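Hi,

Here is the structure I said I would pass on to you.

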Amino acid sequence: MKRLALVLLLSCRSAAPAVDAGVGREAVDAGHPPVARVEHTEQVLHGVTLGDDYGWMKHKGPEVEGYLREENAWTRAQFAPHEATRVRVLAELRARLVERDDSVHTRERGYEHWYRTEGAYGRYLRAPADGGPEEVELDPQASAPDASFVDVGGAESSPDDALLAYTLDTTGGRDFTLHLRQYADGGTVDAPIAAVASFAWADPHTIFYTRDDDARRAWRLYRHQLGATADSLVLEEADEHFDLAVGTSRSQRYVVVSSGSLTTNEVRLVDVKRPAAAPRR
């Protein structure tokens, strides 16, 4: 069950924030916006010299943060006379939104799956295809209640519909962690697996996943058996021009492993009835 990634900004606010108390006086001077410090630097790329007066801003720290606070405060000061218009336009935009909306239902085996948006947030749901109560598969906000950002990379039911595998990023840096959870009681299964780029079930007890290197390139394929303390390395892509991805064929007979670059790719298959077998081209 492949689903689009969900990005949730859990701390969204509709009202304009107050002016920061610690900003410089120039930040609220309507006629004089803050001026960034100039520090000229140069670098040579392919024989061309490139100059940059503001390269220092790439280094996060108190000076950059202070300057951004001044910019934001000055911007809010400029728009302050139009606050009534801002509120009116925001109200009109919200009036045109459907506060609760369901995606198209997707049927897999004995269940229908869909995504429901409610206000600023959403949840993944499922219900028996022949009728029955709906249940929450995944509530991203509840899964990471203390996070200010949640991105769902993917979610997929096990072939026996007993477990849900899903990946969450709570940093905003594409740092996805694989989680396994029981539908029956919501309990977790095995320890979370960090730096997972993609995953696919082979059978109710076996799941394949690819892991990122430090450059966020998916380069290793692993096989995880439920309950195992260590996972098996199945394939490694040493060529930095290629990324690994794993999925399931539409027939659900094969786990599909793809190694692709910008111009070419190679595909290997694993029979789900023989998950321990080596992938074949």
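This is a predicted model: local features need pLDDT of at least 70, side-chain atom pairs count only at pLDDT 80 or more; totals for chains, interfaces and linings use all residues.

Let's start with Leu50, which sits in strand β3, the stretch covering residues 48-52. Is Leu50 buried, exposed or something in between? With a relative accessible area of 40%, Leu50 is partly exposed, because that value falls between the 20% cut-off for buried and the 50% cut-off for exposed.

Next, have a look at Ala36. You'll find Ala36 in the loop that links β1 (6-9) to β2 (41-45). Why does Ala36 count as buried? Its relative accessibility is 14%, and buried means under 20%, so Ala36 qualifies. Which residues does Ala36 touch, if you skip those up to four places away in sequence? The answer is Tyr54, Trp56, Met57 and Tyr67.

Now for a sheet. Strands β16, β17 and β18 form an open sheet in that order, and the pairing is antiparallel. The edges are β16 (243-248) and β18 (265-271), each of which pairs on one side only. From one strand to the next, the twist averages 20 degrees. If pairing is new to you, strands of a sheet pair through backbone hydrogen bonds, and they can do so in a parallel or an antiparallel way.

How many bridges join β17 to β18? There are seven, and β17 (residues 254-260) runs antiparallel to β18. To see one of these pairs for yourself, find Ser259 and look across to β18, where its bridge partner is Glu266.

Finally, here's the overall picture. The protein has three helices and 18 strands. Of its 281 residues, 34% are buried; Ala36 is one that counts as buried. The protein exposes about 17200 Å², and carbon and sulfur atoms supply 53% of that area. As for contacts with a separation of 6 or more, 37% are between residues 24 or more positions apart.

That's what I have so far.

Cheers

Notes:
Residues are numbered from 1 along each chain as its sequence is written. Side-chain values use heavy atoms; hydrogens and water are left out. Helices (H or I, at least four residues) and strands (E, at least two) are DSSP runs, numbered from the N terminus. Buried means under 20% relative accessible area, exposed over 50%, partly exposed in between (1.4 Å probe, protein chains only). Contact means heavy atoms within 4.5 Å. Accessible areas come from the Shrake-Rupley method with a 1.4 Å probe; for residues, only the protein chains shown count as cover. Two strands pair if DSSP finds at least two bridges between them. Axes are lines fitted to C-alpha atoms, for helices over the stretch in contact, and angles run from 0 to 180 degrees between N-to-C directions.
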